[in-house]
Amino acid sequence: MTLRVLGVDPGLTRCGIGVVDVEKNRRATMVAFGVVGSSPEESLDQRLLVIATSIDEWLDKYEPHVLAVERVFSQLNVSTVMGVAQASGVVIAAAARRGIPVALHTPSEVKAAVTGSGTSNKDAVTKLVTKILRLDAPPKPADAADALALAITHAWRAGGGTTTKGSVATGPGSQSLTPAQRAWADAEAKARRAR
């Protein structure tokens with residue numbers, strides 16, 4: 001079965017959204033991506049309403065099996081963290097109303113899953129997302145690429161490409177893994193051996 005994941009890179013000014021279908025052999029295909037934007041000049045309630053309305057439309061149109069959202073992490077700019085947290089809350093509530101499970105992933109988890117290194121920069125993530133999804137051009141802006149990376153990360157960790165929880169797919173199709181997928185699979189195997 002193909003797993004459909006809607007990834008969200010939350011933000012008040014730019015909220016990246018990406019939908020990816022991932023097969024059991026971890027082959028990921030881009031379905032759609034975009035960015036929902038709101039102006040800082042608008043009131044907070046109106047900005048959140050723009051995000052809420054848009055995410056409702058995306059959830060209804062693409063009917064994902066799961067929603068993957070970037071986990072809010074501490075930054076020096078408290079107002080940025082608050083805006084990200086507020087946008088995340090709106091998105092998570094929209095999924096909850098539909099009974100869609102929500103998974104939270106840290107930026108370093110996403111970088112490690114897609115590039116093989118948790119310290120990669122945005123350019124490296126975008127480049128690998130483009131390659132993994134076999135796109136002719138990088139998804140722009142970076143918020144959309146980040147949303148697609150979140151969707152890929154969740155599918156690789158929780159559904160697409162696993163035969164049982166936490167076990168990496170082997171057999172036909174596993175030879176077609178990208179270098180990043182192989183690095184991720186190796187890291188998972190090493191973590192299991194260390195337990």
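## Terms and overview

Helices here are DSSP runs (H or I) of at least four residues, strands are DSSP runs (E) of at least two, and both are numbered from the N terminus. The model is predicted. The protein holds six helices and five strands. Read from the N terminus, the elements run β-β-β-α-β-α-β-α-α-α-α.

Of the 195 residues in the protein, 47% are buried. Look also at contacts between residues with a separation of 6 or more: 65% of these contacts involve residues 24 or more positions apart.

## The sheet

Start with how strands hold together. Strands of a sheet pair through backbone hydrogen bonds, and the pairing is either parallel or antiparallel. Here, five strands form an open sheet in the order E3-E2-E1-E4-E5, and the pairing is mixed. Strand E3 (28-37) and strand E5 (102-105) are at the edges. Each has a single partner strand, so one side of each lacks a neighbour in the sheet. From one strand to the next, the twist averages 20°. Helix H5 packs on this sheet and touches E1, E2, E3, E4 and E5. The direction of H5 makes about 40° with that of E2.

Strand E1 covers residues 3-9. Is E1 mostly covered or uncovered? E1 is mostly covered, with six of its seven residues buried.

On one side, E1 runs antiparallel to strand E2 (residues 14-22), and seven bridges join the two. A hairpin of four residues leads from E1 to E2. Within this pair, Gly 7 faces Gly 18 of E2. E1 also pairs with strand E4 (residues 66-70), this time in the parallel sense, over four bridges. There, Val 5 has Val 66 of E4 as its bridge partner.

## Strands E4 and E5

Move along the sheet to E5. E4 and E5 are parallel, and four bridges link them.

E5 has two contrasting faces. Ala 103 and His 105 make up its covered face, while Val 102 and Leu 104 make up the uncovered one.

## The largest pocket

Empty space can be found with a probe. Rolling a probe the size of a water molecule over the atoms shows where such space is left. In this model, the largest pocket holds about 500 Å³. Which residues are closest to its centre? They are Asp 9, Pro 10, Glu 70, Lys 122 and Asp 146, out of 25 residues that line the pocket.

Four helices each give at least two residues to the lining of the largest pocket: H2 (78-97), H3 (107-115), H4 (122-132) and H5 (142-158). By type, the lining has 11 nonpolar, five polar and nine charged residues.

## Helix H3 and the residue after it

In H3, the buried residues are Pro 107, Glu 109, Val 110, Ala 112, Ala 113 and Val 114. Gly 116 follows H3. The phi of Gly 116 is positive, near 95°.

## Backbone exceptions

Most residues other than glycine have a negative phi, and most peptide bonds are trans. A few places in this model depart from that pattern. Which peptide bond is cis? The bond from Lys 140 to Pro 141 is cis, with omega near 0°. Pro 141 sits in the loop between H4 and H5.

Now take phi. Arg 26 is not a glycine, yet its phi is positive, near 75°. Arg 26 lies in the loop between E2 and E3. Is Arg 26 buried or exposed? A residue is buried when its relative accessible area is under 20%. Arg 26 has 1% relative accessibility, so Arg 26 counts as buried.

Glu 63 also has a positive phi, near 45°, and is a residue other than glycine. Glu 63 is found in the loop between helix H1 (44-62) and E4. Is Glu 63 buried or exposed? The cut-off for exposed is over 50%. The relative accessible area of Glu 63 is 59%, so Glu 63 is exposed.

How values were computed:
Residues numbered from 1 in each chain as written. Predicted model: local features only at pLDDT ≥ 70, side-chain atom pairs only at ≥ 80, totals over all residues. Heavy atoms only, no water. Buried < 20%, exposed > 50% of the residue type's maximum accessible area, 1.4 Å probe, protein only. Pairing = 2+ DSSP bridges. 1 Å grid on protein atoms, 1.4 Å probe; cavity = no way out; pocket = protein on both sides within 12 Å on 5 of 7 lines; lining within 4 Å. Points joined across faces, edges and corners; volume = space filled by probe spheres on them. Nonpolar A, V, L, I, M, F, W, Y, C, P; charged D, E, K, R; others polar. Axes fitted to C-alpha atoms, helices over the stretch in contact; angles between N-to-C directions. Contact = heavy atoms within 4.5 Å.
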